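This report looks at a few local features of one protein model. Please have the sequence and the structure open while reading.

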Amino acid sequence: MDVVQYENENPSINRSEKPHVVILHERLARKKEDRYMLNIALAYQKIGYKVTILTSHYERDHSFTDIRFSDGICIEYSGWWIPRAIFGLFSLSSFRAVWMVLRLLMWPPKPKPEVIIIDVSLFTLYLLKCFSSYKIFFVHNFQELKSLDACFEHTKINPSLFEAKWIKLADEIIVETVGFAEILTKSYPTLTTKPKILYPSIDLGLWKEPGIKIQRIIPDLLDDTILFLTVGKFRRSSNFKLSLDAFELLLELIDDKSITKRFQLVIAGNCKTLEEKFHYSELMAITKQRICAAQVTFLRQLPIIHEKTLIMESAIMIHPAKNDVYSDFILKAMSLGKPIIATNKGIASKILVHRLSGVLLDPEPKVIALALKKLMVNPHLQVFLGDIAKETFDKSHSFEAFCGEISSIMKKPQEVTSNSERNGETSLVSDN
(Lines give C-alpha, C1' and ligand atoms only; values in the text may rest on other atoms or scores of the structure.)
Protein backbone atom coordinates (compact mmCIF):
# COMPACT_ATOMS: atom_id res chain seq x y z
CA MET A 1 0.00 0.00 0.00
CA ASP A 2 1.66 3.26 -1.06
CA VAL A 3 0.86 6.70 0.39
CA VAL A 4 -1.24 7.82 -2.59
CA GLN A 5 -3.49 4.78 -2.39
CA TYR A 6 -3.84 5.22 1.38
CA GLU A 7 -4.89 8.86 0.92
CA ASN A 8 -7.39 7.96 -1.82
CA GLU A 9 -9.00 5.40 0.46
CA ASN A 10 -8.99 7.85 3.41
CA PRO A 11 -9.85 11.29 2.01
CA SER A 12 -10.32 12.82 5.47
CA ILE A 13 -6.64 12.59 6.43
CA ASN A 14 -4.15 15.41 6.08
CA ARG A 15 -2.51 14.79 2.72
CA SER A 16 0.74 16.32 3.93
CA GLU A 17 1.18 13.50 6.47
CA LYS A 18 2.19 9.92 5.87
CA PRO A 19 0.25 7.14 7.60
CA HIS A 20 1.97 6.33 10.89
CA VAL A 21 3.03 3.05 12.47
CA VAL A 22 4.43 2.71 15.99
CA ILE A 23 6.45 -0.34 17.06
CA LEU A 24 6.90 -1.19 20.75
CA HIS A 25 10.01 -3.29 21.27
CA GLU A 26 11.67 -3.67 24.65
CA ARG A 27 15.34 -3.60 23.65
CA LEU A 28 17.09 -3.12 20.30
CA ALA A 29 20.29 -5.14 20.29
CA ARG A 30 21.70 -7.94 18.12
CA LYS A 31 19.25 -10.72 18.84
CA LYS A 32 17.18 -12.57 16.30
CA GLU A 33 13.91 -11.04 17.50
CA ASP A 34 15.42 -7.55 17.20
CA ARG A 35 16.31 -8.19 13.57
CA TYR A 36 12.79 -9.44 12.87
CA MET A 37 11.18 -6.28 14.27
CA LEU A 38 13.60 -4.20 12.19
CA ASN A 39 12.50 -6.19 9.13
CA ILE A 40 8.93 -5.14 9.85
CA ALA A 41 9.93 -1.51 10.43
CA LEU A 42 11.89 -1.33 7.16
CA ALA A 43 9.00 -2.95 5.28
CA TYR A 44 6.53 -0.35 6.55
CA GLN A 45 8.92 2.41 5.61
CA LYS A 46 9.35 0.86 2.15
CA ILE A 47 5.60 0.93 1.44
CA GLY A 48 5.30 4.58 2.48
CA TYR A 49 4.64 4.72 6.21
CA LYS A 50 6.18 6.91 8.86
CA VAL A 51 7.71 4.47 11.35
CA THR A 52 8.47 5.13 15.01
CA ILE A 53 10.16 2.52 17.20
CA LEU A 54 9.58 3.02 20.91
CA THR A 55 12.20 1.12 22.89
CA SER A 56 13.80 1.16 26.32
CA HIS A 57 17.35 0.67 25.06
CA TYR A 58 19.22 1.22 21.83
CA GLU A 59 22.89 1.87 21.15
CA ARG A 60 23.81 2.13 17.50
CA ASP A 61 27.32 0.80 18.14
CA HIS A 62 25.89 -2.33 19.77
CA SER A 63 23.06 -2.92 17.33
CA PHE A 64 23.00 -4.50 13.89
CA THR A 65 25.83 -3.31 11.70
CA ASP A 66 24.14 -4.76 8.62
CA ILE A 67 20.86 -2.85 8.95
CA ARG A 68 21.11 0.70 7.72
CA PHE A 69 18.47 2.94 9.24
CA SER A 70 17.14 5.66 6.99
CA ASP A 71 15.73 8.98 8.09
CA GLY A 72 12.25 7.51 7.81
CA ILE A 73 12.61 5.44 11.00
CA CYS A 74 12.49 7.38 14.25
CA ILE A 75 13.76 5.72 17.45
CA GLU A 76 12.41 7.04 20.76
CA TYR A 77 13.31 5.94 24.27
CA SER A 78 11.11 5.18 27.23
CA GLY A 79 11.71 3.33 30.49
CA TRP A 80 15.49 3.35 30.03
CA TRP A 81 15.90 4.13 33.72
CA ILE A 82 14.23 0.87 34.79
CA PRO A 83 16.92 -1.80 35.35
CA ARG A 84 16.77 -4.95 33.22
CA ALA A 85 16.80 -7.20 36.29
CA ILE A 86 17.14 -7.17 40.07
CA PHE A 87 20.32 -8.90 41.25
CA GLY A 88 20.40 -10.62 37.87
CA LEU A 89 17.54 -12.90 38.91
CA PHE A 90 14.21 -11.08 38.49
CA SER A 91 13.60 -9.68 35.03
CA LEU A 92 11.93 -6.27 34.81
CA SER A 93 11.32 -6.31 31.06
CA SER A 94 7.55 -6.42 31.62
CA PHE A 95 7.73 -3.27 33.76
CA ARG A 96 9.67 -1.54 30.99
CA ALA A 97 7.02 -2.57 28.48
CA VAL A 98 4.20 -1.29 30.70
CA TRP A 99 5.99 2.03 31.11
CA MET A 100 6.30 2.37 27.33
CA VAL A 101 2.56 1.78 26.99
CA LEU A 102 1.77 4.34 29.68
CA ARG A 103 3.89 6.89 27.86
CA LEU A 104 2.08 6.07 24.63
CA LEU A 105 -1.30 6.58 26.32
CA MET A 106 -0.37 9.78 28.17
CA TRP A 107 1.51 11.40 25.28
CA PRO A 108 -0.11 10.04 22.11
CA PRO A 109 2.14 10.13 19.04
CA LYS A 110 1.30 12.42 16.14
CA PRO A 111 -0.04 11.79 13.65
CA LYS A 112 -2.28 9.15 15.20
CA PRO A 113 -0.88 5.70 14.35
CA GLU A 114 -2.87 3.58 11.98
CA VAL A 115 -1.53 0.54 13.80
CA ILE A 116 0.65 -0.26 16.82
CA ILE A 117 2.87 -3.35 16.60
CA ILE A 118 4.09 -4.94 19.83
CA ASP A 119 6.17 -7.99 20.73
CA VAL A 120 6.28 -7.37 24.48
CA SER A 121 4.16 -8.61 27.39
CA LEU A 122 0.57 -9.53 26.55
CA PHE A 123 -0.51 -7.36 29.48
CA THR A 124 0.46 -4.33 27.38
CA LEU A 125 -1.95 -5.54 24.70
CA TYR A 126 -4.70 -5.58 27.31
CA LEU A 127 -3.83 -2.05 28.49
CA LEU A 128 -3.83 -0.65 24.98
CA LYS A 129 -7.18 -2.22 24.17
CA CYS A 130 -8.71 -0.98 27.43
CA PHE A 131 -7.58 2.63 27.20
CA SER A 132 -7.21 3.36 23.49
CA SER A 133 -8.80 2.73 20.12
CA TYR A 134 -5.59 1.75 18.35
CA LYS A 135 -5.44 -1.19 16.01
CA ILE A 136 -2.93 -3.62 17.57
CA PHE A 137 -0.75 -6.24 15.87
CA PHE A 138 0.97 -8.69 18.22
CA VAL A 139 4.23 -10.33 17.11
CA HIS A 140 4.73 -13.59 19.03
CA ASN A 141 8.46 -14.37 19.18
CA PHE A 142 8.18 -17.33 21.62
CA GLN A 143 10.90 -16.23 24.01
CA GLU A 144 9.98 -19.21 26.19
CA LEU A 145 11.42 -21.56 23.55
CA LYS A 146 14.64 -19.68 22.90
CA SER A 147 16.83 -21.96 25.02
CA LEU A 148 14.99 -25.13 24.03
CA ASP A 149 15.18 -27.38 20.99
CA ALA A 150 11.69 -26.47 19.84
CA CYS A 151 9.87 -28.94 17.62
CA PHE A 152 6.62 -27.70 16.18
CA GLU A 153 5.20 -31.21 15.96
CA HIS A 154 5.41 -31.76 19.71
CA THR A 155 6.15 -28.41 21.40
CA LYS A 156 3.70 -26.01 22.99
CA ILE A 157 3.85 -23.30 25.62
CA ASN A 158 1.61 -23.07 28.67
CA PRO A 159 0.16 -19.56 28.90
CA SER A 160 -1.66 -18.36 31.96
CA LEU A 161 -5.44 -17.97 31.91
CA PHE A 162 -5.06 -14.19 31.54
CA GLU A 163 -2.60 -14.50 28.67
CA ALA A 164 -4.95 -16.89 26.89
CA LYS A 165 -7.65 -14.21 27.12
CA TRP A 166 -5.48 -11.20 26.33
CA ILE A 167 -4.03 -12.60 23.11
CA LYS A 168 -7.55 -12.74 21.67
CA LEU A 169 -7.65 -8.94 21.78
CA ALA A 170 -5.04 -8.59 19.04
CA ASP A 171 -6.33 -7.46 15.65
CA GLU A 172 -3.59 -9.50 14.00
CA ILE A 173 -1.08 -12.05 15.31
CA ILE A 174 2.20 -12.35 13.42
CA VAL A 175 4.62 -15.27 13.68
CA GLU A 176 7.94 -15.93 11.95
CA THR A 177 7.40 -19.39 10.45
CA VAL A 178 4.72 -22.01 9.91
CA GLY A 179 6.34 -23.97 12.75
CA PHE A 180 5.60 -21.17 15.20
CA ALA A 181 2.07 -20.91 13.79
CA GLU A 182 1.45 -24.55 14.68
CA ILE A 183 2.92 -24.08 18.16
CA LEU A 184 0.66 -21.05 18.65
CA THR A 185 -2.44 -22.99 17.58
CA LYS A 186 -1.66 -25.81 20.01
CA SER A 187 -0.79 -23.44 22.85
CA TYR A 188 -3.96 -21.36 22.48
CA PRO A 189 -6.64 -23.87 21.42
CA THR A 190 -9.51 -21.37 21.86
CA LEU A 191 -7.86 -18.71 19.70
CA THR A 192 -9.99 -17.93 16.65
CA THR A 193 -7.61 -15.48 14.96
CA LYS A 194 -5.50 -17.24 12.36
CA PRO A 195 -1.85 -16.16 12.74
CA LYS A 196 -0.20 -14.39 9.85
CA ILE A 197 3.08 -16.04 8.82
CA LEU A 198 5.81 -13.60 7.77
CA TYR A 199 9.08 -15.34 7.04
CA PRO A 200 12.08 -13.13 7.94
CA SER A 201 13.74 -11.08 5.22
CA ILE A 202 17.19 -12.39 4.32
CA ASP A 203 18.17 -10.06 1.50
CA LEU A 204 18.92 -6.98 3.61
CA GLY A 205 22.00 -5.17 4.87
CA LEU A 206 25.30 -7.05 4.69
CA TRP A 207 23.67 -9.97 2.87
CA LYS A 208 23.55 -7.75 -0.22
CA GLU A 209 27.30 -7.14 -0.06
CA PRO A 210 29.65 -9.27 -2.21
CA GLY A 211 31.29 -12.34 -0.70
CA ILE A 212 34.96 -12.62 0.22
CA LYS A 213 37.70 -15.04 -0.76
CA ILE A 214 36.93 -18.48 0.69
CA GLN A 215 40.54 -18.92 1.87
CA ARG A 216 39.98 -16.10 4.38
CA ILE A 217 37.53 -18.42 6.11
CA ILE A 218 39.26 -21.78 5.55
CA PRO A 219 42.93 -20.91 4.93
CA ASP A 220 44.17 -24.32 3.68
CA LEU A 221 41.37 -24.88 1.18
CA LEU A 222 42.47 -25.74 -2.37
CA ASP A 223 40.93 -23.91 -5.32
CA ASP A 224 39.43 -27.07 -6.84
CA THR A 225 37.73 -28.20 -3.60
CA ILE A 226 34.06 -29.19 -3.85
CA LEU A 227 32.22 -28.01 -0.73
CA PHE A 228 29.17 -29.48 0.97
CA LEU A 229 27.72 -27.13 3.59
CA THR A 230 25.63 -27.61 6.72
CA VAL A 231 24.72 -24.62 8.91
CA GLY A 232 22.90 -24.49 12.21
CA LYS A 233 23.30 -24.28 15.97
CA PHE A 234 25.62 -26.71 17.66
CA ARG A 235 22.79 -28.61 19.32
CA ARG A 236 21.51 -32.14 19.02
CA SER A 237 18.40 -30.83 17.27
CA SER A 238 20.56 -29.66 14.34
CA ASN A 239 21.39 -33.33 13.69
CA PHE A 240 24.86 -32.57 12.31
CA LYS A 241 25.81 -36.21 12.77
CA LEU A 242 23.43 -37.13 9.93
CA SER A 243 25.40 -34.88 7.56
CA LEU A 244 28.63 -36.44 8.77
CA ASP A 245 27.36 -40.00 8.27
CA ALA A 246 25.92 -39.21 4.82
CA PHE A 247 29.16 -37.55 3.71
CA GLU A 248 31.22 -40.55 4.83
CA LEU A 249 28.94 -42.86 2.85
CA LEU A 250 29.16 -40.58 -0.19
CA LEU A 251 32.93 -41.01 -0.26
CA GLU A 252 32.41 -44.78 -0.41
CA LEU A 253 29.66 -44.65 -3.07
CA ILE A 254 31.79 -42.80 -5.65
CA ASP A 255 34.62 -44.95 -6.92
CA ASP A 256 36.64 -42.19 -8.55
CA LYS A 257 39.01 -41.20 -5.75
CA SER A 258 40.49 -38.39 -7.81
CA ILE A 259 37.14 -36.64 -7.41
CA THR A 260 36.22 -37.65 -3.86
CA LYS A 261 39.55 -36.43 -2.52
CA ARG A 262 38.40 -32.93 -3.52
CA PHE A 263 35.24 -33.20 -1.42
CA GLN A 264 35.05 -31.20 1.81
CA LEU A 265 32.18 -31.09 4.31
CA VAL A 266 31.83 -27.83 6.24
CA ILE A 267 29.71 -27.79 9.40
CA ALA A 268 29.29 -24.21 10.60
CA GLY A 269 27.43 -22.21 13.21
CA ASN A 270 27.84 -19.77 16.08
CA CYS A 271 28.96 -21.61 19.20
CA LYS A 272 28.15 -19.46 22.23
CA THR A 273 26.38 -21.27 25.07
CA LEU A 274 27.86 -23.97 27.29
CA GLU A 275 25.54 -26.55 25.72
CA GLU A 276 26.67 -25.58 22.22
CA LYS A 277 30.35 -25.71 23.19
CA PHE A 278 29.86 -29.17 24.69
CA HIS A 279 28.11 -30.47 21.57
CA TYR A 280 30.82 -28.93 19.38
CA SER A 281 33.51 -30.78 21.34
CA GLU A 282 31.50 -33.98 21.14
CA LEU A 283 31.19 -33.72 17.35
CA MET A 284 34.90 -33.00 17.00
CA ALA A 285 35.72 -36.12 19.03
CA ILE A 286 33.40 -38.28 16.90
CA THR A 287 34.82 -36.90 13.66
CA LYS A 288 38.43 -37.54 14.62
CA GLN A 289 37.63 -41.27 14.72
CA ARG A 290 36.31 -41.26 11.14
CA ILE A 291 38.30 -42.07 8.01
CA CYS A 292 36.97 -38.87 6.46
CA ALA A 293 38.19 -36.67 9.34
CA ALA A 294 40.66 -34.79 7.13
CA GLN A 295 37.80 -33.82 4.79
CA VAL A 296 35.55 -32.30 7.45
CA THR A 297 35.85 -28.69 8.65
CA PHE A 298 34.10 -27.22 11.68
CA LEU A 299 33.52 -23.48 12.05
CA ARG A 300 32.29 -22.22 15.41
CA GLN A 301 31.94 -18.57 14.42
CA LEU A 302 29.85 -17.51 11.44
CA PRO A 303 29.57 -13.80 10.59
CA ILE A 304 27.06 -12.90 7.90
CA ILE A 305 29.63 -12.35 5.15
CA HIS A 306 31.33 -15.66 5.99
CA GLU A 307 28.03 -17.51 5.78
CA LYS A 308 27.17 -15.93 2.45
CA THR A 309 30.61 -16.74 1.06
CA LEU A 310 30.38 -20.37 2.19
CA ILE A 311 26.98 -20.78 0.52
CA MET A 312 28.19 -19.16 -2.69
CA GLU A 313 31.24 -21.43 -2.88
CA SER A 314 29.45 -24.66 -1.94
CA ALA A 315 28.04 -27.14 -4.42
CA ILE A 316 25.19 -28.55 -2.30
CA MET A 317 23.51 -27.49 0.93
CA ILE A 318 22.58 -30.18 3.45
CA HIS A 319 19.89 -29.41 6.03
CA PRO A 320 19.73 -32.47 8.34
CA ALA A 321 17.51 -31.07 11.14
CA LYS A 322 14.31 -33.00 11.77
CA ASN A 323 12.41 -30.78 14.19
CA ASP A 324 13.58 -27.20 13.66
CA VAL A 325 11.29 -24.18 13.50
CA TYR A 326 13.65 -21.55 12.09
CA SER A 327 14.02 -21.03 8.35
CA ASP A 328 17.10 -18.82 8.00
CA PHE A 329 19.62 -21.23 6.44
CA ILE A 330 17.13 -22.60 3.93
CA LEU A 331 16.06 -19.12 2.82
CA LYS A 332 19.67 -17.95 2.54
CA ALA A 333 20.57 -20.92 0.34
CA MET A 334 17.47 -20.31 -1.80
CA SER A 335 18.33 -16.62 -2.18
CA LEU A 336 21.68 -17.59 -3.73
CA GLY A 337 20.20 -20.25 -6.00
CA LYS A 338 21.80 -23.30 -4.39
CA PRO A 339 20.47 -26.89 -4.46
CA ILE A 340 19.28 -28.07 -1.04
CA ILE A 341 18.95 -31.59 0.33
CA ALA A 342 16.86 -31.64 3.51
CA THR A 343 14.92 -34.04 5.66
CA ASN A 344 11.20 -34.37 4.99
CA LYS A 345 10.44 -33.25 8.54
CA GLY A 346 10.70 -29.88 10.21
CA ILE A 347 10.57 -26.46 8.59
CA ALA A 348 12.24 -27.55 5.32
CA SER A 349 9.20 -29.64 4.40
CA LYS A 350 7.03 -26.51 4.70
CA ILE A 351 9.19 -24.30 2.49
CA LEU A 352 10.68 -26.58 -0.17
CA VAL A 353 8.83 -28.51 -2.86
CA HIS A 354 10.32 -31.96 -3.39
CA ARG A 355 12.29 -32.29 -6.65
CA LEU A 356 11.56 -28.68 -7.57
CA SER A 357 12.99 -26.16 -5.10
CA GLY A 358 14.84 -28.85 -3.13
CA VAL A 359 15.12 -32.54 -2.33
CA LEU A 360 13.21 -33.82 0.71
CA LEU A 361 14.23 -37.21 2.05
CA ASP A 362 13.90 -39.51 5.03
CA PRO A 363 16.53 -38.69 7.67
CA GLU A 364 18.67 -41.72 6.82
CA PRO A 365 22.41 -41.42 5.99
CA LYS A 366 22.29 -43.83 3.04
CA VAL A 367 19.26 -42.12 1.49
CA ILE A 368 20.90 -38.71 1.70
CA ALA A 369 24.25 -40.08 0.46
CA LEU A 370 22.56 -41.54 -2.63
CA ALA A 371 20.88 -38.20 -3.33
CA LEU A 372 24.20 -36.39 -2.97
CA LYS A 373 25.81 -38.83 -5.42
CA LYS A 374 23.00 -38.32 -7.93
CA LEU A 375 23.41 -34.56 -7.82
CA MET A 376 27.18 -34.78 -8.13
CA VAL A 377 27.06 -36.99 -11.24
CA ASN A 378 24.29 -34.86 -12.77
CA PRO A 379 25.37 -31.19 -12.55
CA HIS A 380 22.36 -30.11 -14.60
CA LEU A 381 20.13 -31.22 -11.69
CA GLN A 382 22.06 -28.91 -9.39
CA VAL A 383 21.42 -26.02 -11.76
CA PHE A 384 17.72 -26.90 -12.10
CA LEU A 385 17.13 -27.13 -8.34
CA GLY A 386 19.08 -23.96 -7.69
CA ASP A 387 17.19 -21.97 -10.34
CA ILE A 388 13.78 -23.06 -9.04
CA ALA A 389 14.86 -22.32 -5.44
CA LYS A 390 15.99 -18.81 -6.45
CA GLU A 391 12.77 -18.20 -8.36
CA THR A 392 10.71 -19.37 -5.38
CA PHE A 393 12.66 -17.13 -3.03
CA ASP A 394 12.25 -14.06 -5.23
CA LYS A 395 8.53 -14.67 -5.53
CA SER A 396 7.65 -15.64 -1.97
CA HIS A 397 10.44 -14.87 0.51
CA SER A 398 12.36 -11.80 -0.67
CA PHE A 399 12.14 -8.40 1.02
CA GLU A 400 9.85 -7.24 -1.79
CA ALA A 401 7.56 -10.19 -1.04
CA PHE A 402 7.77 -9.36 2.69
CA CYS A 403 6.65 -5.78 1.94
CA GLY A 404 3.81 -7.16 -0.16
CA GLU A 405 2.63 -9.31 2.75
CA ILE A 406 2.71 -6.28 5.08
CA SER A 407 0.73 -4.28 2.53
CA SER A 408 -1.88 -7.03 2.22
CA ILE A 409 -2.34 -7.07 6.01
CA MET A 410 -2.98 -3.33 6.02
CA LYS A 411 -5.52 -3.67 3.22
CA LYS A 412 -7.61 -6.18 5.15
CA PRO A 413 -10.96 -4.61 6.05
CA GLN A 414 -11.49 -3.88 9.72
CA GLU A 415 -13.93 -6.36 11.21
CA VAL A 416 -17.08 -4.87 12.65
CA THR A 417 -16.95 -7.25 15.56
CA SER A 418 -13.68 -7.63 17.43
CA ASN A 419 -12.22 -10.93 18.46
CA SER A 420 -12.96 -10.22 22.10
CA GLU A 421 -16.64 -9.55 21.41
CA ARG A 422 -16.95 -12.78 19.43
CA ASN A 423 -15.67 -14.63 22.45
CA GLY A 424 -17.99 -12.95 24.96
CA GLU A 425 -15.32 -10.74 26.42
CA THR A 426 -16.74 -7.31 25.61
CA SER A 427 -16.35 -6.24 29.22
CA LEU A 428 -12.61 -6.70 28.94
CA VAL A 429 -12.29 -3.79 26.53
CA SER A 430 -13.72 -0.39 27.44
CA ASP A 431 -15.58 1.83 24.98
CA ASN A 432 -13.04 3.88 23.10
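F234 has a relative accessibility of 0% and therefore counts as buried, where buried means under 20% relative accessible area, exposed over 50% and partly exposed in between, with a 1.4 Å probe and protein chains only. The model is predicted, and local features need pLDDT of at least 70, side-chain atom pairs count only at pLDDT 80 or more, and totals for chains, interfaces and linings use all residues. Residues are numbered from 1 along each chain as its sequence is written, and side-chain values use heavy atoms, with hydrogens and water left out.

**Aromatic pairs**

Rings of Phe, Tyr and Trp (its six-membered ring) pair if their centres lie within 6.5 Å; planes under 30 degrees apart count as stacked, over 60 as edge-to-face and the rest as tilted. By this rule the count comes to 12 aromatic pairs. Two of them are listed here.

| Pair | Centre to centre | Angle between planes | Type |
|---|---|---|---|
| Y44 and Y49 | 5.3 Å | 85° | edge-to-face |
| F234 and Y280 | 5.3 Å | 90° | edge-to-face |

The pair of F234 and Y280 links distant parts of the chain, 46 residues apart. F234 lies in the loop between β10 (226–231) and α7 (240–253), and Y280 lies in helix α9 (residues 274–288). Helices (H or I, at least four residues) and strands (E, at least two) are DSSP runs, numbered from the N terminus. Y280 has a relative accessible area of 12% and is buried. The charged end of R300 sits over the ring of Y280, 4.7 Å from its centre; the rule asks for NZ of Lys or CZ of Arg within 6 Å of the ring centre and within 35 degrees of the ring normal.

Y44 and Y49 are both buried. Elsewhere, ring pairs link F123, Y126, F162 and W166 into a cluster.

**Residue I305**

I305 lies in helix α10 (residues 304–313). Is I305 buried or exposed? Its relative accessibility is 16%, so I305 counts as buried. Leaving out residues up to four places away in sequence, I305 touches L206, E209, P210 and I212, where contact means heavy atoms within 4.5 Å. I305 and E209 are 96 residues apart in sequence, and their C-alpha atoms are 7.7 Å apart in space.

**Two helices**

The axes of helix α11 (residues 328–335) and helix α14 (residues 379–396) come within 7 Å and cross at roughly 110°. The contact is made by L331, M334 and S335 of α11 and A389, K390, T392 and F393 of α14.

Terms used: Axes fitted to C-alpha atoms, helices over the stretch in contact; angles between N-to-C directions.
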